[in-house]
Amino acid sequence: CPPSPKPPASPSEKCGLLNVTKITEHGKKVRKNWTSSWTVLQGSTLLFAKGQGGGTSWPFNLSGSFPEFVLSLLSNWRPSTKKRPAVSYGCSRLDRASSFGGGQSKPEFTVDLRGSSVEWASKDKSSKKHVLEVKTRQGTELLIQSDNDGLVNDWYRTLLDTISTHAWE
Ligand code: I3S
């Protein structure tokens, strides 16, 4: 059988559903507000959009009225010739188009990873499992979490790679 595709060593883009909260903004402590966020890494920028309906409904808007649902179906419709690949590492252009360009979801906030750090959060930062702490040069600290440890491990490695790749910019 044909060799299976290998993921790139250091993907410049990646996306997935994660639980996210800021704990510090501009150097000041802020109240935690865990939110399910569609998270996209593009180059050295992390973008977060609120997950719809706890994440299971993305990319379709099941939380609004019926007309809103129909509109979201239309705005996320993909021609059959452009199907999502069976094996996908990172995000396709279509993922990005429908997550941030296709209508209802704009990034809630973005984070510049240049000069940032990422580490496993200590127990005093959160009682949750599999939590990463990202600290940015601008004084934002966020926690990123998923109950899926493999997923968080992948993000940890990707964020480390990304931060070291863009360290001197
Ligand atoms: O670190 P904290 O403040 O104990 O974090 C918890 C609180 O933010 C809590 O909200 P209220 O203070 O509004 O009750 C959240 O519901 C918890 O999820 C937070 O803790 P974890 O350990 O889940 O990050």
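This is a predicted model: local features need pLDDT of at least 70, side-chain atom pairs count only at pLDDT 80 or more; totals for chains, interfaces and linings use all residues.

Modeller: The chain has three helices and eight strands.

Biologist: In what order do they come along the sequence?

Modeller: The pattern reads β-β-β-β-α-α-β-β-β-β-α.

Biologist: What makes β6 and β7 a pair?

Modeller: Two strands pair if DSSP finds at least two bridges between them. Strand β6 (residues 117-120) and β7 have four bridges, in the antiparallel sense. Therefore they count as paired. Within that pairing, Val 118 stands opposite Val 134 of β7.

Biologist: How do you know that β7 and β8 pair as well?

Modeller: By the bridges again: β7 and strand β8 (residues 141-145) share five, also antiparallel. The cut-off is at least two, so this is a pair. One of the bridges joins Glu 133 to Leu 143 in β8.

Biologist: What lies between β7 and β8 in the hairpin?

Modeller: Five residues separate the two strands. In the turn, Gly 139 has a positive phi of about 85 degrees.

Biologist: Why does β7 have a covered face and an uncovered one?

Modeller: In a regular strand, side chains alternate between the two faces of the sheet. In β7 (residues 131-135), Leu 132 and Val 134 make up the covered face. Val 131, Glu 133 and Lys 135 make up the uncovered one.

Biologist: What makes Leu 132 a member of the largest nonpolar core?

Modeller: A core member must be buried, of a listed nonpolar type, and joined to others through C-beta atoms within 7 Å. Leu 132 belongs to this core of 22 residues. Along with Leu 46, Val 134, Leu 142 and Ile 144, Leu 132 is among those touching the most other members.

Biologist: Which elements supply at least two residues each?

Modeller: β1 (13-25), β3 (35-42), β4 (45-50), β7, β8 and α3 (149-165) do. β4 gives the most, with four residues.

Biologist: Which residues does Leu 132 touch, beyond those up to four places away in sequence?

Modeller: Val 118, Trp 120, Ala 121, Leu 143, Ile 144, Val 152, Trp 155 and Tyr 156.

Notes
Residues are numbered from 1 along each chain as its sequence is written. A residue is buried if 20 or more other C-beta atoms lie within 10 Å of its own, exposed if 12 or fewer, and partly exposed in between; C-beta atoms are placed from the backbone. Two residues are in contact if their C-beta atoms, placed from the backbone, lie within 7 Å.
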